[in-house]
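Reader: Could you walk me through this one before I set anything up? I'd like to start with the charged contacts and then move on to pockets and surface.

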Amino acid sequence: MALFSKGGKVESFLTIVVGGGSAFGLVVLTSRSWKACNVDVAGPMPNGLTLLFLGLPLALIVNLILFTVAYRYAGKTLVMGLIMAAVAITIADLALYSWQGTPAASPGTCPGNVPPFWPVWIPT
């Protein structure tokens, strides 16, 4: 099955879909958090432009590289590669959210800039 081989078309497609989708989700989550807590990170530049030109490229690079590495070295099956890539991307996105989604340097209305909708059992 050459279609499911490592480095094939399926891997490229999954890298874009999973990595790009999770990067977009991270940016949306960060934007919602900043709006809920009235966080102003960029000063005169709107937060949306900051996320578009700084947050999205950073999240895309991290997620695409992580997906490729985890998928290729996870095992020989497609399912194991997807599971390991999903775990790696989830951990990396949580770390990126904790770093930039709840910025300690920017004052906000929420305690610790953690929005009220964020579950308490997930650390930030």
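Author: A salt bridge here is a side-chain nitrogen of Lys or Arg within 4 Å of a carboxyl oxygen of Asp or Glu. Please keep in mind that this is a predicted model.

Reader: ok, how many salt bridges does the structure hold?

Author: It holds one. R72 forms this salt bridge with E11, and the closest N and O atoms are 2.9 Å apart. Because R72 lies in helix α2 and E11 in helix α1, the pair ties together parts that are 61 residues apart in sequence.

Reader: and is E11 buried or exposed?

Author: E11 is buried, with a relative accessible area of 2%, whereas R72 counts as partly exposed at 41% relative accessibility.

Reader: switching to pockets, how much space lies in the largest one?

Author: About 210 Å³ of space lies in the largest pocket. Its lining is made of 15 residues, and L51, L54, G55, L58 and Q100 are those that lie nearest its centre.

Reader: which helix gives the largest share of that lining?

Author: The largest share, six residues, comes from α2, although α1, α2 and α3 each supply at least two residues.

Reader: what's the lining like by class?

Author: By class, the lining of the largest pocket has ten nonpolar and five polar residues, with no charged residues.

Reader: last topic, which residues make the nonpolar surface patch?

Author: That patch, of about 540 Å², is made by V79, M80, I83, M84, V87 and I91. One of these, M80, is found in helix α3, which covers residues 78-101, and M80 counts as partly exposed at 39% relative accessibility.

Conventions:
Residues numbered from 1 in each chain as written. Predicted model: local features only at pLDDT ≥ 70, side-chain atom pairs only at ≥ 80, totals over all residues. Heavy atoms only, no water. Patch = residues over 30% accessible without salt bridge, like charges linked within 9 Å, V, L, I, M, F, W, Y side chains within 5 Å. Areas by Shrake-Rupley, 256 points an atom, 1.4 Å probe, with all protein chains shown as cover. Helix = DSSP H or I, 4+ residues; strand = E, 2+ residues; numbered from the N terminus. Buried < 20%, exposed > 50% of the residue type's maximum accessible area, 1.4 Å probe, protein only. 1 Å grid on protein atoms, 1.4 Å probe; cavity = no way out; pocket = protein on both sides within 12 Å on 5 of 7 lines; lining within 4 Å. Points joined across faces, edges and corners; volume = space filled by probe spheres on them. Nonpolar A, V, L, I, M, F, W, Y, C, P; charged D, E, K, R; others polar.
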